[in-house]
Amino acid sequence: MKNPTRHIALLAALLAIASFRLLPHPWNMTPVGAIALFGGATLPGRRAAWVIPTVILLLGDLVLGFHRLMPFVYGSFALNVGLGLGMRQGWTAGGVMVRSLVGSLVFFLITNFGNWACFDTYPKTPAGLLACYGAGLPFLRNGVAGDLLYSAVLFGGLWLAERRIPGLRERSASTLPVPTP
């Protein structure tokens, strides 16, 4: 383990932000996408980057309940972890924002497809699929807002903490660039 203090702080941040999923919130405005993105980008080792965020999601689902769309949710969650893995060499605020937006869109496309495929709410036609996506647009708005908000809290919080608490930095060097105005 390179820096146990950093690893404990990262895990604590993820667990703290995950608790917001259990509090009342607007539909789809949760930290799930941000947890996956941040975990992929920051947790030590590829295995931890996949396992820890997935376990956090599963723990929340144990409290909130299981449902038929879970394979679609977990699949899109895994893609968000993959987006985070692409930032392991360093990231910028703009890069976090773009990947967060991509993750939100991927989640929207995959989970709404799952809704259309698994339930009888919409006809199993292209028009039915489009209607399903149209009905999901308010959820997309909330998902984007939640992903951007929680990503800003996690990544911005780490950026600030690394500058104020040297023990949280990577031993070799900080991977976080100084933002440019």
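These entries go from a helix pair to the cavity, the pocket and the salt bridges.

**Basis.** I am working with a predicted model, in which local features need pLDDT of at least 70, side-chain atom pairs count only at pLDDT 80 or more, and totals for chains, interfaces and linings use all residues. Residues are numbered from 1 along each chain as its sequence is written, and side-chain values use heavy atoms, with hydrogens and water left out.

**Helix pair.** I looked up α1 (residues 4-18) and α2 (residues 32-42), whose axes come within 11 Å and cross at roughly 175 degrees. Helices here are DSSP runs of H or I with at least four residues, numbered from the N terminus. Axes are lines fitted to C-alpha atoms over the stretch in contact, with angles from 0 to 180 degrees between N-to-C directions. α1 and α2 are therefore roughly antiparallel, a term for angles over 145 degrees.

I then listed the contact (heavy atoms within 4.5 Å). From α1, R6, L10, L14, I17 and A18 meet I35, F38, G39 and T42 of α2. These residues divide into six nonpolar, two polar and one charged. Ala, Val, Leu, Ile, Met, Phe, Trp, Tyr, Cys and Pro count as nonpolar, Asp, Glu, Lys and Arg as charged, and the others, Gly among them, as polar.

**Cavity.** I searched on a 1 Å grid over the protein atoms alone, where a cavity is a set of points that a 1.4 Å probe fits but cannot leave, and lining residues have an atom within 4 Å of a point. The whole structure has one cavity of 30 Å³ or more. The largest cavity has a volume of about 40 Å³, the space filled by probe spheres set on the points, which are joined across faces, edges and corners. Its lining includes G33, N80, R99 and D147.

**Pocket.** A pocket is an open set with protein on both sides within 12 Å along at least five of seven lines. The largest pocket has a volume of about 900 Å³. Of its 31 lining residues, W27, N28, H67, V73 and F107 lie nearest its centre. α6 gives the most to this lining, with eight residues.

**Salt bridges.** How many salt bridges does the structure hold? I found three, each a side-chain nitrogen of Lys or Arg within 4 Å of a carboxyl oxygen of Asp or Glu. E162 pairs with R6, the closest N and O atoms being 2.3 Å apart. E162 lies in α6 and R6 in α1, so the pair ties together parts 156 residues apart in sequence.

Key
Helix = DSSP H or I, 4+ residues; strand = E, 2+ residues; numbered from the N terminus. Parallel < 35°, antiparallel > 145°, perpendicular 65-115°, else oblique.
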